[in-house]
Each structure stands twice: as C-alpha cells, then as structure tokens.
Amino acid sequence: MPWHTDPRQGRGLTAIDAVTALIVLLLVVQIWLLSVTLDTFLAGHTETALPAAIASGVLCAVCFALYRFARRVDREARSLLPGDAGRTSERQPQP
Amino acid sequence: MREHEPLWREEFSIFKANERYVSRRQLAKFLTLGSAAMFAGNLWILARSWLRKAPHYARRAVARAGEIPVGGVKLFQYPNPGEQCIMVRTAEDTYVAYSQKCTHLSCAVYYSREHDRLECPCHQGYFSILDGSVLQGPPTRPLPKVVLERQGDQLIAVKMEPEV
Amino acid sequence: MFGYEFYVDPSRCIGCQSCVKACEECETHRGHSMINFDFIDRSETIGTAAFVCWHCDDPTCAQVCPADAIKKGEDGIVQSALKPRCIACSNCVYACPFGIPKIIPEYEQMMKCDMCYDRTSVGKRPMCATVCPSQALSYVRPEDIVRRREKPTNVFYFGNQRVTTQVYMMTPPGADSVTADITEFMWEKADA
C-alpha cells in the first residue's frame with residue numbers, strides 16, 4: 001500500500017510516544033531519588049548512598065534500554081519509506 | 001539491506017512524518033542523557049561518602065556559664081571561623097547550641113523567646129530548641145547540634161552532631 | 001485522499017485551458033496558474049497536454065532543495081516551498097524530471113501544484129479536475145477509472161532514474177510504465 005497510508009507508520013509513532021512517556025516517568029523517579037539521597041547525605045546518614053546509587057543505576061539502564069528500543073522502532077518505521085528515503089543514518093565508515 | 005543515509009538527510013527529512021520522528025527521537029535522547037546525569041549525581045554522592053574522612057573536632061571553650069541570662073543567646077564560631085553557631089540558655093543550668101545555618105537555604109536562624117524555638121526568617125522554617133528537629137517549614141534536615149561539655153564554669157564545644 | 005486518485009490523460013486534452021484559468025483563480029496564488037500547459041509541437045500539431053505536479057513518492061525537487069523548503073506530507077502531497085525558507089534558487093526547477101516547479105520572481109518563491117490542498121484535504125476535487133471538460137485531468141475513484149480503455153501507471157523512467165508518483169498517467173493498455181529519454185526531444189542529437 002502507499003507508504004503514506006501505511007498504518008505501520010502510525011503505530012511506530014505511538015510506540016515511540018509510549019517509550020518517551022515511560023522514560024519521563026523513570027526520570028522523575030530518578031530526580032526524586034537524587035534529591036532524597038543528597039538530603040540524607042547532608043544530614044549525615046551515609047549508609048543510603050550505595051543503595052540509592054544502585055537503584056539509580058538500574059533506572060538509568062532501563063532508560064537506555066527503552067531508548068535503544070525506540071531507536072529500533074524508528075529505524076524500522078522509516079525503512080517503510082520508498083526509494084532512497086528510508087535509509088538509516090549510521091555513519092558510513094571513512095573510505 | 002538499505003544503505004546508510006547521511007545524518008543531515010535524516011535530521012532534515014523532506015517527509016513531514018519523519019520530522020516528527022526526529023523531534024521525538026531528540027527528546028528521547030535528551031531525556032536518556034538526563035537520566036544518565038541523575039545517575040552520575042548519585043555516583044558523586046557515593047564517592048563523597050566513601051572518600052570522606054572522619055572529621056576531627058577541636059575542643060574549644062566558647063562561653064562561660066552565667067554569661068548570658070536564661071532565655072539569652074550567644075553567637076560563636078565553631079568548629080572553624082566563619083561557621084556561625086547559636087547558643088541558647090534554656091534554663092538555669094541548661095545550655096544548647098546549634099549551627100546557625102538553616103538547613104533549607106542557609107539563612108541565619110534566631111531564637112524566639114516567645115515561641116521557645118529557633119526560627120528562620122526567610123521561609124518560616126522552625127526548629128525545636130531541644131534537639132534541633134524540624135517543627136515546620138521547608139527545611140527537611142534537623143539543625144546540626146553542637147555538643148557542649150561543662151567544665152567548671154566553662155562551656156566547651158566538643159563536636160558537631162551529625163558530623164559535617 | 002478519501003479514496004480518490006488523480007489521473008492525467010494527455011490524449012484527451014483539447015487545449016481549452018479551462019484548467020489553467022481555474023487554477024489561476026485560487027486565492028493563494030491568484031494570477032499565477034500552477035498548471036503546466038504544453039503545446040506538444042505547435043508548428044506540426046494542435047495537440048496539447050496539461051500537467052499537474054505528480055507528487056512523487058521520493059520527490060526530486062525536495063531532495064535537491066538547499067533550504068529544506070519542500071516537504072511531502074503524510075497524505076503524500078508535495079507542498080509548495082515554505083515561504084520563510086525558499087530562496088528562489090531554482091534548483092528544484094532544474095531537478096524535477098517533469099519540469100513542474102515554477103519560480104515567481106516577484107515573490108522570490110517557488111510555487112507549484114499542491115493538488116488544491118485546501119480542497120482535497122476536505123474531500124473536494126482539485127479545481128482543474130473539476131472544470132476539465134474532457135476529463136483529461138480527473139480525480140475519481142480507482143474503480144471508476146477502470147472503465148476507460150487506457151490504463152493508469154505511476155512508474156516513470158528518466159534515464160537511470162526510476163520515479164514512482166502518486167498521480168497516475170493514462171497509458172495505452174499493455175504499457176506498465178512510461179520511459180522518457182530527454183535526448184530524443186533535443187534538436188541536436190549526440191553523434192551515433
């Protein structure tokens with residue numbers, strides 16, 4: 001079907017929207033976690049620093065994984081375009 | 001498999017549908033970097049907590065008993081010059097001292113005789129005179145307490161709690 | 001859009017130029033018609049052909065625009081150059097294999113057929129297809145066009161370039177693409 005009526009394009013956009021919303025959610029949690037960690041550290045309780053760093057690292061890793069997923073969806077959706085138009089942009093190796 | 005397109009052609013796409021992809025992709029990239037920045041912040045706090053040496057406090061006489069009346073206030077600097085502290089004589093034989101820097105945004109707190117508490121004038125943060133805990137207001141952390149020892153009629157500042 | 005497709009049949013064109021005049025009346029470019037109206041070989045024949053923008057799937061004009069002014073929307077329509085961006089460099093004019101874009105020097109602007117976007121986006125016909133008495137330019141559903149003897153195609157070959165378009169050209173039955181070799185139309189031929 002003509003690419004401009006292909007529903008797979010629209011679905012790709014919806015998937016990326018959902019991933020972005022998820023990343024925002026995790027980011028808000030991370031911001032809160034950082035502020036709480038700083039507060040307890042300044043109050044002298046240093047035992048919270050390590051678990052908080054681990055939790056933040058896990059959240060960050062999940063964010064990265066979601067971002068990589070969004071990139072893959074984006075690449076696949078744009079590969080639906082005809083002709084030259086759908087190519088992805090990994091940098092070409094220097095000749 | 002398709003050949004790779006130059007980055008400029010992808011970022012400035014002639015297809016309006018792709019423009020929306022690019023702006024969304026840029027937003028997702030920015031947010032992910034934000035997430036990495038938050039993680040870096042937590043790592044920095046972790047590093048600070050690991051590398052901190054136990055602070056060494058000097059003992060210093062900061063006041064004489066009877067120097068101030070009951071309900072009176074004395075300002076002194078401890079442990080280092082420039083770190084303002086406030087001492088309050090709450091009863092005949094009871095003296096308490098705290099750091100004067102409000103834990104919210106570092107305004108100087110003062111003693112309110114009327115309400116028997118330490119008050120920060122900037123955003124109405126109130127601290128208990130008994131242990132420096134927060135009674136009300138934006139501060140989240142209690143006021144650091146100066147541990148005092150009585151030797152004769154000298155009041156000696158021994159250390160800060162929590163150790164800062 | 002809305003299930004309609006645009007079909008161009010130059011063999012039906014009678015040269016009345018109703019399409020030219022109807023297009024000219026549009027408010028957005030009053031006085032400038034976006035129809036590409038050709039006299040095929042005026043000294044030899046009365047034959048004429050009226051063309052609109054073919055709204056290619058991979059528009060060459062957009063690819064060569066240095067200002068990123070030409071965009072193709074999700075409904076497939078290639079719009080005229082964006083006014084804040086167009087610098088009237090004429091790159092698109094040179095690049096388009098069909099010779100569609102026009103530069104309006106007074107506005108320093110490229111303008112071309114946008115399939116009467118203000119009409120087609122709400123389900124109406126473009127002006128040219130509405131007024132064409134012979135329906136050389138027609139905007140109908142695919143099931144209506146099969147009744148004609150000619151068959152629609154949207155694949156064009158210009159030398160090595162393969163162009164697929166959204167607008168269909170009516171061709172003799174059996175021809176599934178249109179090949180145009182520009183050198184055949186030049187007066188000076190390359191040495192054989």
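Reader: What makes β2(B) and β3(B) a hairpin, and which residue between them takes a positive phi?

Author: In this predicted model, six residues sit between the two strands, and B:G82 takes the positive phi, near 100°. The strands, residues 73-77 and 84-91 of chain B, run antiparallel.

Reader: How do you know that β2 and β3 of chain B pair?

Author: Pairing takes at least two bridges found by DSSP, and five bridges join β2 to β3 in chain B. They therefore count as paired. As an example, B:F76 has B:C85 in β3(B) as its bridge partner.

Reader: Over to chain A. What is the pLDDT like over residues 83-95 of chain A?

Author: It stays under 50 there, on a scale from 0 to 100. Across chain A the mean pLDDT is 78, with 71% of residues at 70 or more.

Reader: Which elements of chain A supply the side that touches chain B?

Author: First the count: 46 residues of chain A are in contact with 35 of chain B. Helices α1 (7-42) and α2 (49-78) of chain A each supply at least two residues of that side, and α1(A) gives the largest share, 18 residues.

Reader: How do the residues on that side of chain A divide into nonpolar, polar and charged?

Author: There are 27 nonpolar, 13 polar and six charged residues on the side of chain A that touches chain B.

Notes:
Residues are numbered from 1 along each chain as its sequence is written. Chains are lettered from A and ligands numbered from 1 in the order in which they are written. This is a predicted model: local features need pLDDT of at least 70, side-chain atom pairs count only at pLDDT 80 or more; totals for chains, interfaces and linings use all residues. pLDDT is the predictor's confidence in each residue, from 0 to 100. Two residues are in contact if their C-beta atoms, placed from the backbone, lie within 7 Å. Helices (H or I, at least four residues) and strands (E, at least two) are DSSP runs, numbered from the N terminus. Ala, Val, Leu, Ile, Met, Phe, Trp, Tyr, Cys and Pro count as nonpolar, Asp, Glu, Lys and Arg as charged, and the others, Gly among them, as polar.
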